Amino acid sequence: MGRNLLVVMTTAYRPRPSVVRRDSGLYGYERALARRGFTPVAGVDEAGRGACAGPLVVAAVVLGRDIDGLSDSKLLTEAVRERLYERIMATARAVSVVVIPPEEIDSRGLHKCNVAGMRRAVAGLGLVPGYVLVDGFPVAGLPAPSLAVWKGDQVAACVAAASIVAKVTRDRLMHGLDEAYPQYGFALHKGYVTPGHRRALARHGPSPHHRFSFVTVARVTRGARIPAGGLWTGQDEDMRENEVGTGVV
């Protein structure tokens, strides 16, 4: 009997798993976690991972009140993102943003910077979350239990909010770079690879804010980094061929 009692005691306090229904809405994860005592819930996401120029921006958000209209920032218009950004900043319990410059991405690697940025963003919230929802992939070393949520910015409100904060922050930074380097069209493509961006790289070479470890830029520079404030002076036969030929870098 003692053995049976031990079995009962060791299983009686195991938390029951929570099931988040597909139709539970964008706040389903937060509410399920709250029912288990995991509050507050922080959402973490990034912007600029796939760009070949500009910073990587990581945001962590703990929401206060519910906000209508939250979604993956990439699915929203710029005007809607800006409006939601202001509401998030005005009502959230905590917001933390980490900006990782291109030279750090080149020296450490994109994934390491992304993971470290997520840890730094959560640490910068000013409170210890009860749980952390991360968009896409698991992140070790967080100060609370966490879950990687596939397409988290489309299914969890706090992750969607983090997506919007990261995206709006980065877009504003890219508009600033566009004023300093208008020849690249940063305000239009935000540093991502587009035909127009490729043509600008072939014509002008990279700026100090390009990611020289990325293949699109490395093909132009052959690995050479432009010092901050410097100008591109390289003469690359492949670049000249692209300018008069296919235009593909």
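I counted a salt bridge wherever a side-chain nitrogen of Lys or Arg lies within 4 Å of a carboxyl oxygen of Asp or Glu. The model is predicted, so I noted the limits: local features need pLDDT of at least 70, side-chain atom pairs count only at pLDDT 80 or more, and totals for chains, interfaces and linings use all residues. Residues are numbered from 1 along each chain as its sequence is written, and side-chain values use heavy atoms, with hydrogens and water left out.

Entry 1. I looked up the total and found 8 salt bridges in the structure.

Entry 2. I found Asp-72 and Lys-74 joined by a salt bridge, N to O 3.1 Å. For exposure I took buried as under 20% relative accessible area, exposed as over 50%, and partly exposed as in between (1.4 Å probe, protein chains only). Asp-72 is buried at 3%, whereas Lys-74 is exposed at 60%. I also noted a network of salt bridges that links Asp-72, Lys-74 and Asp-153.

Entry 3. I checked Arg-31 and Asp-66, whose closest N and O atoms are 2.9 Å apart in a salt bridge. This pair links distant parts of the chain, 35 residues apart: Arg-31 sits in helix 2 (residues 28-35), and Asp-66 in the loop between strand 2 (56-62) and helix 3 (78-91). I took helices (H or I, at least four residues) and strands (E, at least two) as DSSP runs, numbered from the N terminus. Arg-31 is partly exposed at 43%, and Asp-66 is partly exposed at 42%.

Entry 4. Lys-167 and Asp-171 form a salt bridge at 3.3 Å between the closest N and O atoms. Both lie in helix 7 (residues 157-180), 4 residues apart, about one turn of the helix. I have Lys-167 as buried at 17% and Asp-171 as buried at 6%.
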